[in-house]
Amino acid sequence: MARAGVELVAMTFVDNSGISRVKAVPVGRLAEVAAWGVGASKAFDFFLCTDEIATGTYSLGPVGDLRLHPDLDALTVLAAQPGWAWAPVWKYDQDGVPHPQDARALAATAADRLAAQGLSARLAFELEWVITDTDGVPIAGPAYGYSRLSAHSGYLRTLVSTLDSQHGAVEQIHPEYAAGQFELSVAATDPVHAADLAVLIRETVRTVSAAHGFRASFTPKFTPGGVGNGGHVHLSLWDGERNLCAGGTGPFGLTDTAAAFAAGIFARLPALLAIGTPSVLSYLRLEPHHWAGVFTAWGWENREAPLRLIRGADGQRETAANLEVKCFDLTANPYLVVAALLFAGLSGVTTGATLPAPVDVDPGLLGPDAAADAGVTRLPRSLAEAVAAFEADDVLPAAFGPPLATTLMDIRRAELSALGELAPDDLCTVMRWLH
């Protein structure tokens with residue numbers, strides 16, 4: 001770190017409202033901090049995205065302390081912030097016992113349970129964001145337009161080179177549909193590292209954007225009538241070096257194991273929304289015909305389905321085939337998203353779950369009879385409905401454990417109380433720059 005010019009290390013965790021919180025230490029203290037941690041209040045478990053501190057069943061208020069231990073294997077020199085490095089943390093109590101509400105540890109636990117079945121998963125988050133001028137006005141340019149890329153080619157080049165130097169493995173970047181909107185994809189990796197990258201990439205985008213005179217917003221809905229920012233997740237299931245999402249006898253080449261894994265996720269989509277679309281604002285984005293995936297449907301390359309199978313080009317499917325969850329956004333804690341998807345998929349594998357028939361049209365265009373025949377219904381339309389679905393689920397609350405599962409829903413209800421009655425314009429204004 002000293003040879004790289006690092007003077008300070010930012011240590012982050014993502015709270016239950018999806019906000020990355022941080023403590024920083026001089027690099028000379030890194031060894032001591034790795035061994036003994038840095039103190040942090042247990043009250044962080046109850047922070048809302050607005051920085052209000054909620055109460056809940058497991059709240060101790062101002063009492064109690066945690067120790068934040070940087071994961072040195074994930075330590076990264078920050079190319080856009082000279083003199084700084086970054087590391088995500090593990091949370092322990094003062095006696096060295098893992099904190100039951102450590103989202104990153106939960107993601108690692110989910111990956112370990114999958115490994116116990118002889119399986120592994122590779123994941124990647126797609127990030128969408130809007131850049132604006134300093135007055136908050138999105139930059140101009142046509143949807144997916146080359147002119148928008150050309151006008152800001154220096155910004156995008158700096159961003160990609162910065163991420164590559166931080167081992168971000170950028171695979172694609174392009175202008176998106178909305179004014180000022182861009183999307184970035186990175187290579188799939190192990191579950192915990194994928195969530196780490198989602199944190200690091202977002203903060204790098206913010207830093208590079210500011211250096212170019214822009215503000216960056218990852219909000220799921222920048223304006224009430226506009227196109228939202230998603231936080232899609234790509235996921236493939238592996239047995240050793242074999243991708244189980246290809247080469248099978250199931251639908252579109254899925255193996256039986258991958259189909260069961262997908263079925264486990266599909267069956268729990270309503271409950272998963274409480275994790276992957278966890279804000280009041282999320283539900284302004286979940287509209288039909290916006291490629292957000294708001295109906296209980298899955299299919300091959302169906303961008304209106306919340307669960308989309310991507311096969312990839314012929315000749316590349318053994319490595320490229322994957323499942324995409326389209327209904328999530330970036331107000332979510334990525335570690336909780338990883339854990340929830342793995343637990344849901346694993347439940348499908350252990351119970352031998354099966355997928356319904358795929359849907360090959362926009363499910364929102366099905367008439368009532370056709371929708372009923374296909375089993376197509378609307379996913380939760382509000383955070384309150386998603387909370388009810390999570391609490392009624394027979395897998396996710398138990399997998400998360402009572403302290404975290406209960407606290408998450410306490411936080412969701414507190415956000416509903418604080419923000420649930422705001423008009424869409426006011427809600428967008430409050431949350432535009434938080435995530």
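Tyr144 counts as partly exposed because its relative accessibility is 42%, where buried means under 20% relative accessible area, exposed over 50% and partly exposed in between, for a 1.4 Å probe and protein chains only. The model is a predicted one, in which local features need pLDDT of at least 70 and side-chain atom pairs count only at pLDDT 80 or more, whereas totals for chains, interfaces and linings use all residues. Residues are numbered from 1 along each chain as its sequence is written, and side-chain values use heavy atoms, with hydrogens and water left out.

Tyr144 is found in the loop between β8 and α3 (146-151), the helices (H or I, at least four residues) and strands (E, at least two) being DSSP runs numbered from the N terminus. Although Tyr144 is not a glycine, its phi is positive, at about 60 degrees. Most residues other than glycine have a negative phi. A positive phi, near 60 degrees, is also found at Trp291, likewise a residue other than glycine, which lies in the loop between α8 (282-285) and β14 (298-300). With a relative accessibility of 47%, Trp291 therefore counts as partly exposed.

An open sheet is formed by four strands in the order β9-β10-β8-β11, with antiparallel pairing; two strands pair if DSSP finds at least two bridges between them. Strands β9 (170-175) and β11 (215-217) are the edge strands, each pairing on one side only, and the twist from one strand to the next averages 25 degrees. Strand β8 (residues 127-132) runs antiparallel to β11 and is joined to it by three bridges, with Thr132 standing opposite Arg215 in β11. Helix α4 (residues 153-165) lies across β8, β9 and β10 (181-186) and runs at about 160 degrees to β9, while helix α5 (residues 191-211) lies across β8, β10 and β11 and runs at about 15 degrees to β8. For these angles, axes are lines fitted to C-alpha atoms, for helices over the stretch in contact, and the values run from 0 to 180 degrees between N-to-C directions.

The largest nonpolar core has 110 residues, and those with the most contacts inside it include Trp129, Tyr155, Ile265, Leu272, Phe328 and Leu341; such a core is a set of buried Ala, Val, Leu, Ile, Met, Phe, Trp, Tyr and Cys residues joined through side-chain atoms within 4.5 Å. Helix α10 (residues 334-351) gives the most to this core, with 11 residues. Apart from this core lies another, of 14 residues, among them Val6, Phe13, Ala40 and Val89. Leaving aside neighbours within four places in sequence, Phe328 is in contact with residues including Gly230, His232, Leu272, Arg285, Val337 and Leu341, contact meaning heavy atoms within 4.5 Å.

The axes of helix α6 (residues 256-267) and α10 come within 6 Å and cross at roughly 125 degrees, and the two helices are therefore oblique to each other; angles under 35 degrees count as roughly parallel, over 145 as roughly antiparallel, 65 to 115 as roughly perpendicular and the rest as oblique. The crossing of α6 and α10 is right-handed, a crossing being left-handed if the near helix is turned anticlockwise from the far one by less than a right angle, and right-handed if clockwise. Among the residues of α6 that meet α10 are Phe261, Gly264 and Ile265. Helix α7 (residues 269-276) and helix α12 (residues 383-392) have axes that come within 7 Å and cross at roughly 115 degrees, and this crossing is left-handed.
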